[in-house]
Amino acid sequence: MTAAAAEVGDGLGTLAGTGKLLRFQARRTRVHLTAWTLGIAGGTWLITPVLADQYATPESRVALGATMNTPAMRSMTGPAEYVAAYADSIGALFANRMLLWTGAMTAVMFVLLVVRLTRADEETSRSEVLRSNPVGRRADLAAALALSAAAATVLGALMALAVLGLEDGAAGGAVLFGLAHTAIGLVFAALTAVAAQVSDSASTATGYGLGLLGWSFLTAGVGNAQENAAVWLSPLGWSQLTFMYTSEERWWPLALTLAVAVAASSLAFALVSRRDFGQGLVAARAGRPGAAAGLRSAHALTFRLTRGLMWTGAATLLLLGAAYGSVLGSADEFADSLSEAQRAMLDRGGSTMAYSFAATFIAINAVVAALFGILVIGRGRKEETVGRGELIAASPVARSAWPGSYLPAALFAATVTNLLGGLGLAATGSGGDGGLFGKVLLGTAIQLPAVWTLVAFAFAAFAWLPRAGWLRWLLWVWSLLVIYFGNMLDMPEWLQDASPFHHVAAYPAQDLEWAPLGVLALLAAALVWLGYAGARRRDLHFS
Amino acid sequence: MNAVIRTEELVKRFGHVTALDHLNLEVAQGETHGFLGPNGAGKSTTIRVLLGMLRSDGGRAELFGADPWKDAAELHRRLAYVPGDVALWPGLTGGETIDLLGRLRGGVDRARRDELLERFDLDPRKKGRSYSKGNRQKVALVAAFAADVDLLLLDEPTSGLDPLMGAVFNECVKEAAAQGRTVLLSSHIMSEVEALCERVSIIRKGVVVETGSLAEMRHFSRSRLRATLKHPVHGLADTDGVHDLVVDGLEIDCSVDAAALDDVLARLAAAGVAALTCEPPSLEQIFMRFYGDELAAHGVREGNGR
């Protein structure tokens with residue numbers, strides 16, 4: 001039976017149960033929503049005073065504007081209209097440098113959210129259970145879009161608040177900055193909802209969504225560099241075209257964004273009843289009839305299964321690093337303007353503010369890289385709980401290869417993502433200063449023993465106490481708390497010492513110290529040994 | 001020493017639950033052995049101990065005379081396993097999965113693989129996420145039957161297969177047996193076990209309650225006997241070994257112990273027989289004998305126990 005045939009004559013019925021679903025979905029995604037919203041808005045709040053102080057005077061802004069108004073720089077920032085307003089408005093400078101990047105992160109947040117709430121749930125047959133209840137056929141799409149709209153609104157409000165103090169008498173610009181993010185969130189949610197109907201699987205839908213972001217980036221970059229109409233093809237560009245904080249400020253490009261969001265949502269609603277459950281409108285392409293030559297061991301399989309996660313992490317950190325790096329060069333003489341809390345967090349002891357800044361971002365980068373490593377370990381656990389690993393475990397494969405191969409895969413993912421994040425930070429942050437470029441890369445590389453310790457700890461937890469998922473994350477959560485709040489809360493030294501990152505020198509803000517790195521590497525090696533011992537000894541719990 | 005599988009007083013506990021409670025199982029080389037029991041009786045747990053995935057809490061388990069826990073990886077070279085609920089990698093095609101499993105074992109026989117794909121009517125180009133349950137099962141079956149191994153461990157392998165594919169499966173098992181391979185077939189589909197297995201073990205609550213050849217089991221069980229007589233027969237109800245007797249005029253219907261058949265037939269012959277059927281017990285009836293009390297607890301009358 002095609003879904004369309006059943007469609008005749010039912011209107012609101014297909015939306016039945018949307019309210020209940022909405023509450024349920026909000027509960028399930030609360031961690032995702034909170035982390036992304038606070039990450040994007042909090043990062044913005046942290047960066048505001050840096051730029052505000054650096055470019056307090058019109059002269060400094062004009063000087064910066066002169067360097068920004070080149071095709072290459074415009075492609076990385078935004079239209080020349082903003083640069084023209086640098087002299088009058090710090091807000092224009094801020095929006096010009098930040099919007100493309102915070103907008104891109106907002107887009108990623110909503111692509112992942114919508115795919116997770118629609119196609120990903122169908123694949124786990126979670127929504128099959130839901131739909132067998134009195135819930136309309138379109139209800140889960142409606143709930144996903146309603147939740148996205150609410151999240152986009154909250155994010156926009158927080159973004160507006162984050163930049164409100166930037167410039168006196170420019171509340172309109174701040175509101176427009178916030179609304180721009182709401183609009184980006186809505187349009188990417190709606191376009192992803194269409195992609196979710198068309199594509200044959202959740203991962204393809206994510207690919208389409210992120211591909212759309214790439215397209216937005218490219219068209220905005222080309223359009224702004226060459227000052228032509230290409231920027232009008234970019235959902236990110238529409239927000240830039242509001243010229244917020246400038247004398248040409250206008251609201252209607254956001255109406256265009258909203259109109260596209262509404263049109264795409266309607267299209268998604270029309271398509272959802274034209275496809276069968278768990279299937280896309282585009283049938284799955286036939287895959288390889290046999291395995292490639294390289295797929296011949298448990299290790300090869302594990303690397304293949306986790307490479308998507310690794311590249312997601314690498315791309316995320318490269319982007320984040322580049323975004324943070326773009327403010328690094330202008331971080332030097334502003335310490336006075338920081339709030340007590342901001343200063344406490346950024347303080348890495350002595351040195352210049354740019355170095356402190358770099359060291360802070362290097363530490364955050366390393367923690368996020370470790371996160372991707374631990375996620376890879378989590379994949380190993382999932383292979384066990386959903387039973388896929390059973391076919392491998394019943395093959396002539398030692399425990400050190402299955403589940404053991406998840407350790408090298410996790411270490412590899414964490415190492416690559418950490419180094420690529422550092423590369424992004426160094427590329428945009430060094431501003432052509434070869435010395436700083438090398439320092440940022442070295443500062444990133446010395447985080448590796450601490451990253452490996454976190455990953456090896458997670459592996460040992462997986463090997464010995466697989467059911468205690470929280471244990472895998474324990475050391476990581478603690479490290480994050482110490483990095484964010486250690487100085488701020490005057491945490492006792494011994495508590496901070498429990499974080500491996502606390503023993504890594506905050507290079508380039510501090511001098512290098514090699515001995516603690518050696519100790520951390522040994523600790524990581526001991527945890528690896530412990531993990532392999534556990535993997536040999538324990539039962540495998542397949543479903 | 002020709003037992004491929006041998007467990008002695010095998011014990012496995014999960015917390016407070018005793019999954020295997022002093023389980024004894026023996027499967028001789030070259031035999032196709034049925035392993036019968038309902039869900040939760042301990043079939044899969046036994047197989048997973050034999051695969052070295054679970055560590056026993058007592059007793060002994062041996063596979064090819066070696067310890068399945070200590071020598072797991074080595075022993076797995078000589079066996080292939082099909083789980084009851086096959087989970088595949090969503091992004092790998094069936095063909096990729098079959099090749100990977102074959103290579104882990106040292107190589108793939110292309111001709112054999114393609115022949116099995118043909119027989120099971122399986123499209124190897126589809127991704128794991130788009131296979132139905134039956135097709136996922138086929139992927140694991142093709143990989144197992146394509147492997148050049150001494151032992152096949154099949155854990156409810158036909159759940160999800162349609163009857164046509166069930167017939168192909170039966171053929172493949174018979175071929176494997178003809179090639180001298182040992183097969184442990186866990187199942188709760190009686191007709192499958194009856195068609196394929198020479199010997200059967202019935203497991204209940206973690207204990208093997210009955211083991212032997214089907215012929216032996218039948219011998220120790222009751223046959224169902226129905227007859228139309230020429231004259232009324234007397235005293236049948238008092239004869240030892242006659243159960244569930246229903247007399248309706250000249251029609252009689254009863255279950256008779258193998259040992260009492262002689263006596264009963266003599267009495268019937270004396271009364272004169274117009275028509276007679278005598279059915280040996282089906283495996284299902286033998287099986288139900290061990291589970292009669294559980295059925296009763298679930299409110300089912302012993303429909304097959306006559």
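## Helix packing and strand pairing

Biologist: Which hand does the crossing of helix 8 and helix 12 in chain A have?

Modeller: Helices are DSSP runs of H or I with at least four residues, strands are E runs of at least two, and both are numbered from the N terminus. A crossing is left-handed if the near helix is turned anticlockwise from the far one by less than a right angle, and right-handed if clockwise. For helix 8 and helix 12 of chain A, the crossing is right-handed.

Biologist: And what pLDDT do side-chain atom pairs need to count?

Modeller: Residues are numbered from 1 along each chain as its sequence is written, while chains are lettered from A and ligands numbered from 1 in the order in which they are written. Side-chain values use heavy atoms, with hydrogens and water left out, and as this is a predicted model, local features need pLDDT of at least 70, totals for chains, interfaces and linings use all residues, and side-chain atom pairs count only at pLDDT 80 or more.

Biologist: Is helix 8 of chain A roughly parallel or roughly antiparallel to helix 12 of chain A?

Modeller: Helix 8 (139–164) and helix 12 (252–272) of chain A pack at about 160 degrees, with axes 10 Å apart. Axes are lines fitted to C-alpha atoms, for helices over the stretch in contact, and angles run from 0 to 180 degrees between N-to-C directions. Under 35 degrees is roughly parallel, over 145 roughly antiparallel, 65 to 115 roughly perpendicular and the rest oblique. So helix 8 of chain A is, to helix 12 of chain A, roughly antiparallel.

Biologist: How many charged residues are in that contact?

Modeller: L141(A), A142(A) and L145(A) of helix 8 meet S265(A), A268(A), F269(A) and V272(A) of helix 12 in chain A, contact being heavy atoms within 4.5 Å. By class there are six nonpolar residues, one polar and no charged ones.

Biologist: Over to chain B: which residue is the bridge partner of A3(B) in strand 2?

Modeller: Strand 1 (3–14) and strand 2 (17–28) of chain B run antiparallel, joined by nine bridges; two strands pair if DSSP finds at least two. In that hairpin, G15(B) takes a positive phi near 60 degrees. For A3(B), the partner is A28(B).

Biologist: Which residue stands opposite T7(B) in strand 4?

Modeller: Strand 1 of chain B also pairs with strand 4 (58–63) of chain B, antiparallel over five bridges. There, opposite T7(B), stands A61(B).

Terms used. Ala, Val, Leu, Ile, Met, Phe, Trp, Tyr, Cys and Pro count as nonpolar, Asp, Glu, Lys and Arg as charged, and the others, Gly among them, as polar.
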